[in-house]
Amino acid sequence: MKILLSGFGVVGKAVVQLLEEQRAKLYTKHGLAPVFVGVMDSKGVAIDPRGLDPAKLLEAKEKQGTVGAYPAHGLRDARETDVIAESEAQLLIEATPTTVKTPGPSLERLKAAFRTGKHVICVNKAPLAVAFPALQELSRHNRCQFRYSGTVGGGTPVLALAEEVARGSEVVAVRAILNGTTNFILTRMDKDAWTFDQALAEAQKLGYAEADPSADVDGIDTATKIVILANGVLGRPCTISDVKIEGIRGVAKSRVDEARKAGKTVKLIAQISGEGLSVAPREVPADSPLNVSGSLNCLSLELKTGGEVSLIGRGAGGPETATAILRDLIDIWHSIGSAR
């Protein structure tokens with residue numbers, strides 16, 4: 001399968017390395033032989049319809065800062081949408097870092113892929129948060145497969161579990177912890193009696209939080225993920241503008257202390273219910289499945305029949321997200337098998 005990769009940062013490099021490591025197994029078990037015919041980063045592109053050498057891609061990025069320095073097949077000024085439209089690739093992996101304030105370029109790449117009949121694996125949350133229904137309609141219109149499991153839960157198969165459960169029973173409500181940074185902060189405030197500022201500083205020191213932690217602590221990252229869950233699993237068309245969002249900046253140490261005394265803990269909970277979509281700090285019982293520590297994520301599904309189903313696991317990370325991309329790639333390969 002010929003593949004285009006947009007984004008060659010932590011996730012992009014991890015997926016190239018993972019597919020190379022798994023190459024023999026993928027062919028033996030699935031008959032799948034992935035080949036990267038184009039890789040794009042913020043400073044250039046590398047294109048070769050015969051396939052690019054993963055080692056040379058990594059070397060160009062490390063030594064020159066861009067895949068545009070790839071020997072003989074690198075370009076510094078190519079237009080990404082033109083590369084996508086003109087490529088003979090069968091699939092685009094969209095792995096660029098984008099915020100919900102600037103989703104334009106990633107949206108254009110996804111549209112260019114669908115309009116030229118390419119399947120898509122997207123681990124970029126921003127375009128899905130602002131235009132999921134439109135992207136889904138465009139993919140269906142052009143008979144393209146569209147997968148995005150790495151956008152929620154990283155390597156933990158959150159969306160796969162939710163889809164499987166939803167097949168057998170009506171999902172009445174969803175409650176989830178979908179951001180490891182905020183969960184780490186709230187855990188420190190609860191277990192170690194730290195203030196918000198102390199816990200945030202530690203999260204930044206350990207690399208959980210960015211220098212600008214707004215997307216995490218203000219609830220934006222969590223909101224994008226609950227939008228993806230609502231659209232992709234529950235078939236509930238919505239965008240991030242439909243989510244009521246409250247972050248954790250206003251959570252005082254006194255509130256965390258009072259919750260602990262009452263046998264509860266404060267968590268940033270994403271919720272889908274009959275009342276709509278919301279993200280806010282809420283108190284959960286100490287024995288609740290949602291009371292996970294550190295940077296763990298948790299998805300809890302309330303079913304009309306069957307009670308409650310929960311999944312706990314790690315969220316973000318290059319290798320973890322690359323694993324999700326590989327799962328999606330295998331899924332698409334088998335889905336299109338009848339057309340081969």
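Apart from residues up to four places away in sequence, arginine 147 touches Val120, Ile121, Cys122, Asp328, Asp331, Ile332 and Ser335, where contact means heavy atoms within 4.5 Å. The model is predicted, so local features need pLDDT of at least 70, side-chain atom pairs count only at pLDDT 80 or more, and totals for chains, interfaces and linings use all residues. Residues are numbered from 1 along each chain as its sequence is written, and side-chain values use heavy atoms, leaving out hydrogens and water.

**Exercise 1.** Find out whether arginine 147 is buried or exposed, and which side chains make polar contacts with its side chain.

*Solution.* 
- Start with accessibility: the relative accessible area of arginine 147 is 18%, so the residue is buried (buried is under 20%, exposed over 50%, partly exposed in between, with a 1.4 Å probe and protein chains only).
- Next, look at glutamine 145, whose side chain has a polar contact of 2.8 Å with that of arginine 147.
- Finally, the side chain of serine 335 makes a polar contact of 3.4 Å with the arginine 147 side chain.

**Exercise 2.** Work out which residues of helix α3 (residues 54-64) are buried and why they line one face.

*Solution.* 
- First, pick out the buried residues of α3: Pro54, Leu57, Ala60 and Lys61.
- Seen down the axis of α3, these buried residues fall within an arc of 130 degrees, so they line one face of the helix.
- Then turn to the face pointing away from the buried side, which carries the exposed Glu62 and Lys63.
- Last, see what covers the buried residues of α3: this includes α1 (10-21), β2 (35-41) and β3 (44-47).

Methods
Helices (H or I, at least four residues) and strands (E, at least two) are DSSP runs, numbered from the N terminus. The arc is that of the directions from the helix axis to the C-beta atoms. A polar contact is a pair of N or O atoms within 3.5 Å; within protein, one must be able to donate a hydrogen and the other to accept it, and residues adjacent in sequence count only if both atoms are side-chain atoms.
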